[in-house]
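Me: Could you walk me through how to read the packing features of a model, taking one feature at a time?

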Amino acid sequence: MQIVSDPISETYRLIKKYDVRARKRFGQNFLTDARVLDKIVTAAGVTKDDFVLEIGPGLGTLTRVLCDNAKKVLAVELDYDLVDILENEFTMYENLEILQGDILKTDIKKIADEYNDGKPLKIVANLPYYITTPIIMGLFESHAPIKSITVMVQKEVADRMMAKPGDKNCGAISLAVQYYSEVYLAARVPQNCFTPRPKVDSAVIRLTVRDEAPVSVEDEKLMFEVMRAGFEQRRKTLVNALSGSSKLDISKDVISKAIEEAGLSPQIRAEKLDITDFAKLSDSLSKHYEITLSEDEKY
């Protein structure tokens, strides 16, 4: 790995030069441990053949290492003040482009088309913890050409993403992430690796996007809604949890019939289901739900 400058010393220099204060509303914590940088870039497998999309570069601590190792880096930063600092201080990197914007509103497929000829890109990020799940799921659901997503997340979130059915940490995000990708824990990162110091430990995970989903399902969105509804009230039986969901708005009779057709026990809870079970259940629900809707349309 080639690192031209000391990224940690440079980060401290920028903090002092620009009197930078981390903004809580953006969930900002600046990484200050070079060993963690090495683990992130190694886990992402960044090479000179790669186009990397970095989300939330902050003061560019990780950005420097990515630029030293990648063919091209596009860094998307929401904070206007940090964008100004990056544009002033990173002129030496000809392979870096900085884009001010909200990643949740950014067209990832358009970025891949314009910057990487439509080929899969690698995403690397130290994500604000309060918005980790929406960003990751937004990337998956965009169906843009993505090879992998290597991110720093809260340790508890990493544990949930890796959890298997039946584990206490397993939830809707566990199954959704595993539906789209293979999850690998690259490193655990203690609180003292950041400034300001967060209240929780962190972890680096790599999500390698699957070429094909592990199961076939008629309606992905419905399946994920069923997952969320089931785990929101995980102590209830699945039929009661789903029938109590305002987003699904499906009768208990229809849900009971769908559960039976999926070969599941009427007393089963969401935590006992795997992705295949949820796919079967949502397919059955979709069939019955369409019949119910068509009958309503007759009147």
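**Reading the packing**

Reply: Begin with contacts, where heavy atoms lie within 4.5 Å: leaving aside neighbours within four places in sequence, Leu53 is in contact with Leu74, Val76, Ile103, Ile108, Ile111, Leu121, Lys122, Ile123 and Val124. This is a predicted model, in which local features need pLDDT of at least 70 and side-chain atom pairs count only at pLDDT 80 or more, while totals for chains, interfaces and linings use all residues. Residues are numbered from 1 along each chain as its sequence is written, and side-chain values use heavy atoms, with hydrogens and water left out.

Me: Which residues of the largest nonpolar core touch the most other members?

Reply: A nonpolar core is a set of buried Ala, Val, Leu, Ile, Met, Phe, Trp, Tyr and Cys residues joined through side-chain atoms within 4.5 Å, where buried means under 20% relative accessible area, exposed over 50% and partly exposed in between, with a 1.4 Å probe and protein chains only. Here the largest core has 67 residues, and Leu53, Leu242, Phe278, Leu281 and Leu285 touch the most other members. Apart from it lies another core, of 36 residues, which includes Val41, Leu59, Cys67 and Met152.

Me: How is Asp6 classed by its accessibility?

Reply: Asp6 has 40% relative accessibility and therefore counts as partly exposed. Its side chain is joined to that of Ser9 by a polar contact of 2.5 Å, the term standing for a pair of N or O atoms within 3.5 Å; within protein, one must be able to donate a hydrogen and the other to accept it, and residues adjacent in sequence count only if both atoms are side-chain atoms. Asp6 lies in the segment before helix 1 (7-18), helices (H or I, at least four residues) and strands (E, at least two) being DSSP runs numbered from the N terminus.

Me: At what angle do helix 1 and helix 3 pack?

Reply: Axes are lines fitted to C-alpha atoms, for helices over the stretch in contact, and angles run from 0 to 180 degrees between N-to-C directions. Helix 1 and helix 3 (residues 61-69) pack at about 140°, with their axes 8 Å apart. The contact is made by Pro7, Ile8, Glu10, Thr11 and Leu14 of helix 1 with Thr61, Arg64 and Val65 of helix 3.

Me: Is helix 8 largely enclosed or largely open?

Reply: Nine of the nine residues of helix 8 are buried, so this helix is largely enclosed by the rest of the structure. From helix 6, Thr133, Ile136, Met137, Phe140 and Glu141 meet Ile173, Ala176, Val177 and Tyr180 in helix 8.
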